[in-house]
Amino acid sequence: MMLLGRVQKDQLLNRTSYEFYNGMQPDGEAAWTLDESIAVPVWNFPLMTSVQQINFHNKTGRFIFGNWAWISYDGHPRPDHSPDERNGRTGHQRTQLSLIEAPNPWGPFSVFYTNDNWEMDDGSSGAYTPVFPPAWMGDEDMWMVSTQCCIGSSHPNTPDNHYNFIVQHVEIEL
C-alpha cells in the first residue's frame, strides 16, 4: 500500500505539517488531511509494493515509477530471502519489474510494463530498487537505475556473489 503526502519545503522536518491524500471531493478536487490514519492509499499491489520514488515525465504528462518484488517461479509474491524453491538456497532471488503510470500523483495508476523474470544481460537476477532519476528523464527516452545482487548468473565470468549498479535505457512510445 502506498500513501501520498505533501508538505511545504520549509517544513520538511516538521512531521506535524504533513498532509495526506484522503480521496476526491465531490467537486473533483483532491482532499487532504493531517491525520495519516485516515489517508486513502493511491496504489496497492498486495505483498509486492516497493516504490522508492515517483517522478513526473513532462512529455507524456504522466507520473511514472518502477516497482520491484521478489516472486516465486509460479509468479506469487514471496518474502525477501526466502528459500529458492528450485534449489533450496537463499542466494538466488528472482525479481519482477513493473513500470506504472498515472495522470495525477494520486492516480489512478496503471501498469504499462511487467517483466516477471527481470534479468541483466549476463543472465543474473536479483535486481531491485528501480528509480528514474529526474535529470535522466528526457522527452523521448529516459534512464532507469537499479541495484542487483547475488547468485544466479549464467555467464561464466560473473562471480557468485556480486553487487552491481545497473543503468538501463528506456524508450517511450506514445
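A residue counts as partly exposed when its relative accessible area lies between the limits for buried, under 20%, and exposed, over 50%. In this predicted model, K59 has a relative accessible area of 40% and is therefore partly exposed. The structure holds four salt bridges, and K59 takes part in one of them, with E140 as its partner. Side chains of opposite charge can pair when their charged atoms come close.

**The pair K59 and E140**
- The closest N and O atoms of K59 and E140 are 2.5 Å apart.
- This pair links distant parts of the chain, since K59 sits in the loop between strand 4 and strand 5 (62-70), while E140 sits in the loop between strand 8 (127-131) and strand 9 (141-149), 81 residues apart.
- E140, with a relative accessible area of 49%, is also partly exposed.

**The pair E36 and R15**
- A salt bridge joins E36 to R15, and their closest N and O atoms are 2.3 Å apart.
- E36 belongs to the loop between strand 3 (30-33) and strand 4 (55-57) and R15 to the loop between strand 1 and strand 2, so the pair ties together parts that are 21 residues apart in sequence.
- E36 is partly exposed at 40% relative accessible area, and R15 is partly exposed at 44% relative accessibility.

**The pair E19 and R6**
- The side chains of E19 and R6 form a salt bridge with an N to O distance of 2.7 Å.
- Here the link runs between E19 in strand 2 (residues 19-24) and R6 in strand 1 (residues 5-6), distant parts of the chain that are 13 residues apart.
- E19 is partly exposed, with a relative accessible area of 26%, and R6 is partly exposed as well, with 39%.

Methods. Residues are numbered from 1 along each chain as its sequence is written. This is a predicted model: local features need pLDDT of at least 70, side-chain atom pairs count only at pLDDT 80 or more; totals for chains, interfaces and linings use all residues. Side-chain values use heavy atoms; hydrogens and water are left out. Helices (H or I, at least four residues) and strands (E, at least two) are DSSP runs, numbered from the N terminus. Buried means under 20% relative accessible area, exposed over 50%, partly exposed in between (1.4 Å probe, protein chains only).
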